[in-house]
Amino acid sequence: MGSEDAGSRVLSGMRPTGRLHIGQYHGVVKNWVALQHQHQCYFFVADWHALTTGYDDTGEIEQHTFDMVVDWLAAGVDPAVAVIFIQSKVPEHAELHLLLSMITPVSWLERAPSYKDMQARLNDRELATHGFLGYPVLQSADILIYRAGGVPVGADQVAHVELCREIARRFNHLYGREPNFESHCEAAARKMGRKASRLYRDLRKAFLEQGDGEAVARGRALLAEQRNLSSGDRERLLGYLEGGGRIILPEPEALLNEQAKVPGLDGEKMSKSYRNSIYLREAPDTVAHKVRGMKTDPARVRRSDPGEPGNCPVYSLHQIYSDPATLEWAADGCRSAGIGCVDCKLPLIDAINAEQAVMIERARPFEEQPDLVRCVLQEGSEKARGAARETLDEVRASMGIAHQ
Ligand code: TRP
Ligand code: SF4
């Protein structure tokens, strides 16, 4: 089971783009599968994000959502440990988006690198919309509503996680100062017991008086260990530790996905729009056909011409799929012209198909009974709503609109 420690929650979202290719598997989803065993993970289909750029063409969102989620499940994302859901089924994201938009300066959004880039790239449609400008605020709401500590993203999304941190900081600064904050903190500290509360005060003092950064880290660890603190008290003490107010929305860290070097069939980056992809769960003979047609080192015009594996996308795939002995066989055979490219591709085809066979098997029940997928998403969305509501209640209260 994933840990329930809120500090270690991990969240990531993906736009509904349909079937995944092996580049997305090795670059992103494989990482999710590993993380789900170390943290409480929330993975969601960012269908509202799809609307920020694709509002004029929404006919395929549902099919794409289904296909993508089946691929997540096939890849081993496990609904028994991770919460899998659809963004629009958790309307709490939208409320937090609205509230955060009240405190986010427009200049922060205009500065986001994706804003101008995407407008230039997708110049065939109107993107000077309110929704598109505010898209990093929506993304911040996605993250902050679960108080996620880690956000696995690609390099292109790191700036958005940074912006999310700035929004969280501004929020805590504005709303983390409640009346009688200090006496609340003193009372909360006493709940930890004599020994722990003395240590907490010493660590706080060491930081505030001597700037001892180590003390802050120890103080945070101490608070994480405490079992009889409410989450509200923990946030107060976290903020008080550093001399600030209450931390209502903790700042997340970006967990950079390792940029997997998965080349497409033509040697360019694998991408759906380049039509150079091998898809997850593709039939074995389709995989064989695609790999046989792959570009190789152009120096190998004839079978007798030696080649350089470093110039060959087939070899890059070998590096992902093959064991050291096969790699050595391919590299030596290539450089000495001891093997032909056709020979070189055979063990690669087998290795890709072996990985795919497991996924095809895992996906079978979901393909046969699409209702199972709906169940997973329904259950996940309900779990997510529970967690999201807790944050939203505190956000409303701290902003002075609890109306109780
Ligand atoms: N914006 C991300 C993308 O386009 C998807 C996304 C939406 C996301 N919300 C998120 C990723 C929250 C991480 C966390 O790829
Ligand atoms: Fe590429 Fe293998 Fe051919 Fe060398 S032998 S060019 S590594 S496919």
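These legends accompany views of a predicted model.

View 1. The chain has 404 residues, and 50% of them count as buried. Its C-alpha trace spans about 80 × 50 × 40 Å along the principal axes. Among contacts with a separation of 6 or more, 77% join residues 24 or more positions apart.

**View 2. The largest cavity in the structure.** How many cavities of 30 Å³ or more does a search of the whole structure find? It finds 1. The largest cavity holds about 90 Å³ of space. Rolling a probe the size of a water molecule over the atoms shows where empty space is left.

**View 3. The lining of the largest cavity.** The lining includes Thr296, Asp297 and Arg300. Pro309, Cys312, Val314 and Tyr315 also belong to the lining. Ala330, Cys334, Ile339, Cys341 and Cys344 line the cavity too. Which helices each supply at least two residues of this lining? They are H15, helix H16 (324-335) and H17. By class, the lining divides into 9 nonpolar, 1 polar and 2 charged residues.

**View 4. Ligand 2 in the largest cavity.** Ligand 2 sits in this cavity. Around ligand 2 are Thr296, Asp297, Arg300, Val314 and Tyr315, together with Cys312, Cys334, Cys341 and Cys344. The shell around ligand 2 has 6 nonpolar, 1 polar and 2 charged residues. Helix H15 (313-321) supplies at least two residues of this shell. Helix H17 (341-368) also supplies at least two.

**View 5. Ala141 and its contacts.** Ala141 lies in helix H8, which covers residues 135-144. Is Ala141 buried or exposed? Ala141 counts as buried because its relative accessible area is 0%, and the cut-off for buried is under 20%. Which residues does Ala141 touch, leaving aside those up to four places away in sequence? Ala141 touches His93, Leu96, His97 and Leu100.

**View 6. Ala141 and Ala168.** These two residues are 27 residues apart along the chain. The C-alpha atoms of Ala141 and Ala168 are separated by 9.5 Å. Ala141 is the residue of helix H8 shown in the previous view.

Note on methods. Residues are numbered from 1 along each chain as its sequence is written. Chains are lettered from A and ligands numbered from 1 in the order in which they are written. This is a predicted model: local features need pLDDT of at least 70, side-chain atom pairs count only at pLDDT 80 or more; totals for chains, interfaces and linings use all residues. Side-chain values use heavy atoms; hydrogens and water are left out. A residue is near a molecule or strand if one of its heavy atoms lies within 4 Å of it. On a 1 Å grid over the protein atoms alone, a cavity is a set of points where a 1.4 Å probe fits but cannot get out, and a pocket is an open set with protein on both sides within 12 Å along at least five of seven lines; lining residues have an atom within 4 Å of a point. A molecule sits in a cavity or pocket if more than half of its atoms lie within 2 Å of its grid points. Helices (H or I, at least four residues) and strands (E, at least two) are DSSP runs, numbered from the N terminus. Ala, Val, Leu, Ile, Met, Phe, Trp, Tyr, Cys and Pro count as nonpolar, Asp, Glu, Lys and Arg as charged, and the others, Gly among them, as polar. Grid points are joined across faces, edges and corners, and a volume is the space filled by probe spheres set on the points. Buried means under 20% relative accessible area, exposed over 50%, partly exposed in between (1.4 Å probe, protein chains only). Contact means heavy atoms within 4.5 Å.
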